[in-house]
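Here is a colleague's note to read beside the structure, written as numbered points. Please keep the model open and find each place as it is named.

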Amino acid sequence: MSDLLSGAGLLIAAVAAAAAILLPAGRPRSVAMLAALVLFPVLILGDQWHSHRIVELRHHEARAAIGIVVGVLLVALLAYIFRRWPVLLPLAIIGLLPFRIPLESGGESANLLIPLYVVIAAGVLSELISGGWRGLGTRERIPRSQGPETATGPAGRGPVVWLPRALAAFVVLYSLQTFYSEDFSKGLQEVCFFLVPFTLAFGLLRDVEWDRRLLVWTLGLVAVEAVAFVLIGSVEYASRSLFWNHAVIRSNEFHTYFRVNSIFWDPNIYGRYLALVLVVVTATVLWVKQRRPFWLLSGAILVLWLGLAQTFSQSSFVALLAGLAMLAAIRWSWRWTLAVAVVGIVGGALVVLLVGGKSITPDRLNVDISGRGNLISGGAELFSERPVWGYGSGSFQHAYSAHREKKNAPVTISHTEPVTVAAEQGLIGLVVYVGLIVVALWTMGAGLWARGPDRRPTLFGVARAAVLATFVALLVHTMAYAGFFQDPITYVLLAVGASLAAAPAVAAGRTAAPGPDATTATVPGPA
């Protein structure tokens, strides 16, 4: 596939994905979703046409044909299931977030979220057939928004409108900046493997009616899955053997500690997942009133802490602390939380400086953080050379090797999201990236610190607090391990946060006269 044709298709796919989250529910949005869904695998196929994996499939036409037929039938079956039982779509998307299948792409091994792609395709097909989502329950619920323009309530009139716009702007801008990228193929893969399908997932999840039943089921699903992953990781830890990732296996042979990755490829991604689930479960424990759920969730927290310790992921522990700090600020007092955080940061810095008997130098610091110091300084130099437009989407690895004269560097992928954005997209991309984060935090946090007359938050208020704290934890983790736009959890949190914030006026109206199914918990108002 020629670069010109690939570029045109890439831009069309990005625009279609953007339209899918900007248009109100109806035929035009469904068509945009379908266009994006069809284009992104076609573009990947064209880009990788001469790769070993695709060549092998081309030489085995019968196997490829059978795979395509099975895939189409599976998507059609799931689309029927989601149309008949819409509640299963968000559960399927969230439940499949951790599951990757190792495949070869571009001559390298890639762990692709193929089960998630299948579910997204089925959701788009169901959307196309039905033209909209039906109700997900009869109990307390937040009405589905037909698009960002119809969001109601104080929060819905501002940030909820701008969140899909900011996300759409980034997706389109990223695709445009692949045109001058020093690694066009990598930029195309970033758009087609991550940005386009995950934006479609955002559109599907934002329309979900998050009633009490669905929120409880979602909590139970992620908690049970995370505990299962910890059990798998504990078997690895006890047997001192990993299922995959030879790099981690070799690394364990040279360290006194043993890192596990469970079903995940990278221990840090495994740690990120556990940290995010820990924040969600902790948020529920802070407000739950019933004893049985309290003790069950508390037990899950202990198990998840055990699993997180086995990853030895420093970035995941920092992310967890950030998420817990946000919960403390919402639950009790942001002033006291800020004061404790400052004291903790200063105390930690003093321990690092004074304990060990060695002076802190740039070289020692770079070693302590596994070479990330060189990556950050190298990315800053790349940004200084092209501060406005950068080297192009997906170009960090190529530009770092070519322009920093580090062709033999063992790691050439930035682990710090702002550095990656700055080097690849320049100030233009940084503005959109920061704007998206600001709007997301505004959407998720609007109204959480408002004092009610009875100080009794609904279940949806607790859910919003959990989403905000989890997003903060994810954001902090991407500062040390990147992957903000490549992680589908980002788009899930954005969608759920927008959906829960879309109708605060309705939720507040029901709080005045709660029905028998309303769930509340008495908490002191934040100082």
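**Notes on helices, rings and loops**

1. Helices α10 and α12 are oblique to each other, because their axes cross at roughly 135° and an angle between 115 and 145 degrees belongs to neither the perpendicular nor the antiparallel class. Please bear in mind from here on that this is a predicted model. The axes of α10 and α12, the latter covering residues 267–287, come within 10 Å, and α10 passes α12 in a left-handed crossing.

2. The meeting of these two helices can be followed residue by residue. On the side of α10, the residues that take part include Leu219, Val222, Ala226, Phe229 and Gly233, while among those on the side of α12 are Tyr270, Tyr273, Leu274, Val277 and Thr284.

3. The axes of helix α8 (residues 159–176) and helix α21 (residues 488–501) come within 9 Å and cross at roughly 160°, which makes α8 roughly antiparallel to α21. The contact is made by Val160, Leu163 and Leu167 of α8, together with Tyr491, Leu494, Ala498 and Ala501 of α21, and the crossing of α8 and α21 is left-handed.

4. A search of the whole structure finds 20 aromatic pairs.

5. One of those aromatic pairs is formed by Phe294 and Trp295, whose rings are 5.2 Å apart from centre to centre, with 85° between the planes. Why is the pair of Phe294 and Trp295 called edge-to-face? The angle between their planes is 85°, and planes over 60 degrees apart count as edge-to-face, so the pair receives that name.

6. The charged end of Arg165 sits over the ring of Trp162, at 4.8 Å from its centre, and Arg240 lies over the face of Tyr237, at 4.5 Å from the ring centre.

7. Returning to α10, which covers residues 212–239, one finds Trp217 in this helix. Which residues does Trp217 touch, not counting those up to four places away in sequence? They are Val87 and Leu91. Trp217 and Val87 are 130 residues apart along the chain, yet their C-alpha atoms are separated by 9.9 Å. At 41% relative accessibility, Trp217 counts as partly exposed.

8. Most residues other than glycine have a negative phi. Arg240, in the loop between α10 and α11, has a positive phi near 55°, and Ser262, in the loop between α11 and α12, has a positive phi near 50°.

9. Are Arg240 and Ser262 buried, partly exposed or exposed? Arg240 is partly exposed, with a relative accessible area of 47%, whereas Ser262, at 0% relative accessibility, counts as buried. The cut-off for buried is under 20% relative accessible area, so a value of 0% falls in that class.

Conventions
Residues numbered from 1 in each chain as written. Predicted model: local features only at pLDDT ≥ 70, side-chain atom pairs only at ≥ 80, totals over all residues. Heavy atoms only, no water. Phe/Tyr/Trp six-rings, centres within 6.5 Å; stacked < 30°, edge-to-face > 60°. Lys NZ or Arg CZ within 6 Å of the ring centre and 35° of its normal. Helix = DSSP H or I, 4+ residues; strand = E, 2+ residues; numbered from the N terminus. Buried < 20%, exposed > 50% of the residue type's maximum accessible area, 1.4 Å probe, protein only. Contact = heavy atoms within 4.5 Å. Axes fitted to C-alpha atoms, helices over the stretch in contact; angles between N-to-C directions. Parallel < 35°, antiparallel > 145°, perpendicular 65-115°, else oblique. Left-handed = near helix turned anticlockwise from the far one by under 90°.
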